[in-house]
Amino acid sequence: MKSNSGMKWILAFGAIVLAAVIVLMAVCYVVDPFFAYRVRDNSYKVPDTDALPGIIKHHSYDTLIIGSSMTQNFEMDSFREKLNVKPAKISTGGMVLQDTINLTALANRTGKAKKYYICLDLPRFLNDGKKAKVKDYLVDNNIFNDYKYLLGYSAWTRYIPVDLALLTAKKIGISIPKGIEEETEIDEIGYWGDSFRYGTDIVVSNYKKSQYSVSEVDSENAYDDIVENTDLLMNSINFENCEYNFFFPPYSILYWCNADEEGYFEDLLKGKEYLVKSLKQRGCNIYDFQHVQTICELNNYRDITHYTPQINEWMVDCFSTGAFLCSGNDVSNNNEKIIKMMRKFRKENPDIFEK
Amino acid sequence: MVFSSYPFIFLFLPIVILGYYGLSKTKSPIYQRIFLIAASLFFYGYSNINHLLLIVSSIVVNYVIAIGIKKYDKRADKFLLVIGILFNVALLGYFKYRDFFVENMNYIFQTDFVIKNIVLPLGISFFTFQQLSFLVSVFKKEEKIEAFTDYCIFVLFFPQLVAGPIVLYSEMIPQFKDEKRRYFSSESMAEGIFAFCIGLFKKIVVADTLAVFVDNGFGLENIGMAAAWVSTISYTLQIYFDFSGYSDMAIGLGKMFNIDIPFNFLSPYKSESVTVFWRKWHITLGRALSTYIYKPLGGSRKGIVRTSINLFLTFIVSGLWHGAAWTFVLWGGAYGVIMVFERLFKTLLEKIPKVLRIAATFITVNFLWVLFRAESFMQAVNMYRGLFNFKNINIGELAEVAFDSIINFPTAIDIVYLFSIIAILLFIVFKAKNSEKIIKEFKLNVKTAVFSSTLFVISLLHLLRESVFIYFNF
């Protein structure tokens, strides 16, 4: 009968869909390209952003390095050798403050990290409307929203096919190109150090073409934004029983010149003082690398903020010796140094600032 | 709320279907209608609750005017019709055209009026046009105005509420009044699921994949020739699969409630002329424009010159309906000119081999979609320059067009991927059966069950990718 055929069709449709969904979710669970259930080093292509919560939950470490592209070129072996720690890098380009908060809070809940090195990207403390990059369903403990991962677009249309191809290639003995091999190492997550050209000419050219690497800012409320977001950070992280090391990365002098031209330079420096004061009250260590002479040597940069891996290495040396640690009272002196360096740089390089 | 989302597919739709057919056990159909109206209001208000008041007000005002038109005659009904037209035009004018008007005023007269950046209520062009056409039909005594709930369901029925197809009162309400259609039919439900899956796949898998190429391509400055052609053809395909996919979903959803919604697309890219193209693309809009603009202007009854003017004006209105920007006016105007040209030289043009005419029509449509997609004149000019930039073919730029920010593949793989997708889709639009044929030939068998479930599961894997319906902007 016709009505039976209709119901049979609907039931068949439902059954096929259900069976397919179960199989797909099972395959994704087993392959697990985002390390949501287990970590696999040197096996799969490590997704830049999506793997971070999984690394926090399942990797073996006692120290976490958390931050944006400013941290992606840190070498984990340097942390091992110079600081005698077991590090894991939690980095992604363009990491917004909410990501930093979410990932640090996840690490607090996981409880494995005894030490943190967290990058303080001042632009991220400004409300520029950028949304969190790290997906909430990968960070939380709610298994009911795992379907977003197990039936997720990027997992299924990109990572699972690539990972299965890598696995198959390894099993049948096809050699993997070095570049791809490196992308399967957790230590190398997000590393971009060798992918760009560095030099004064390219930094200046980018600056003049307004091709900045930081987002444009609404300058009117910069200080208020920094205060608001500092308070958010302070209220979101558990500062007890762990050593927190925050650091201000060494943006090039042109970053500060740009902030000055855009009208939020003073707010940034004032906001930085508020941030340092808040963090010091919780017993955090703060490294301030923003007033070093290196920031005027544009050969060390690929644009107005991104520096060479050698500078990351130098920062690790500073972590091990305690150089550039901020006492809290000296941050305003450090800011004064930035102002002086900026004035001097403008005077010595007028051609860069010609309109 | 959009059709292609988890909340709609797994929460809203099952609840509404269960509720609607559960209420079929009641004697009177009024409860089902009220339930469906409430569900449709929820559907509409989910995206922006502030606009709920707008659509309810629009419905109440139009209904009252329609009652008045029906009740009064001689000059009073005409007066009320004029009020109704002004009300609807004013509503659309404020939300859609105010900022455009102010920008032009400021530019021409160097004034400094504030541009409010008014948020366009979802589907306003559709539900306003639908009600306007209803008022005209009541005035002409072509439609009867009945219960308020009937009118509400006509405007609000959620499958066609925000992006059409634009249905006639006489097409929809008799179906709701048909006693047999109140009750659950597993055949209709199966057919509805089938149509919905086809539409979902077209939108979420095909159109949204093309959207990546289009957004990348249109964002390139000084675009090379290869990338320009790939980007424009991608948009030509994207807008077709996006909008026809939406229409297929609307048809499928209607079918789930035993309501037949008219098809909106009939293989438009197989058309041998622009005139034929507009009979196969967004058919219900074409019908409405013909009935309410072209024919009242005189249609083709007043000589060739007047016909040409009427055609041109109708397409200007079509352009404006689609968007408040000069690019849309230019787009509509260009089609008006081409339609006039085809009418004037019809006999001569028909001597050209059909395959060449189809190719020429496709290229013309492809060319004009640039105006539709471009965010400004300069962007359109950049793309047009690229299309004829023989000195800069730049095959390597195709990798930038294909880039989707998830994984960087080698350029060669990106290019093969891009060309494969476009080649397959061009084959489909030129050679394959369209949705209308496929849906009408639907049979209850294992093959269609497997086909639908495959499309659905693949679509599920794409559901969480960010996407927007192109025609939601109207």
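A: A:R346 lies over the face of A:F353, 4.6 Å from the ring centre. This is a predicted model, in which local features need pLDDT of at least 70 and side-chain atom pairs count only at pLDDT 80 or more. Residues are numbered from 1 along each chain as its sequence is written, chains are lettered from A, and side-chain values use heavy atoms.

Q: What makes A:K272 a charge over the ring of A:F248?
A: The rule asks for NZ of Lys or CZ of Arg within 6 Å of the ring centre and within 35 degrees of the ring normal. The charged end of A:K272 is 5.1 Å from the centre of the A:F248 ring and sits over that ring.

Q: Why is the pair B:F12 and B:F43 called tilted?
A: Rings of Phe, Tyr and Trp (its six-membered ring) pair if their centres lie within 6.5 Å; planes under 30 degrees apart are stacked, over 60 edge-to-face, the rest tilted. Here the centres are 5.8 Å apart and the planes stand at 40 degrees, so the pair is tilted.

Q: Why is the pair B:W331 and B:Y335 called edge-to-face?
A: Their centres are 5.4 Å apart and their planes are at 85 degrees, so the pair is edge-to-face.

Q: How do you know whether B:W331 and B:Y335 are buried or exposed?
A: Buried means under 20% relative accessible area, exposed over 50%, partly exposed in between (1.4 Å probe, protein chains only). B:W331 has 1%, so this residue is buried; B:Y335, at 0%, is buried too.
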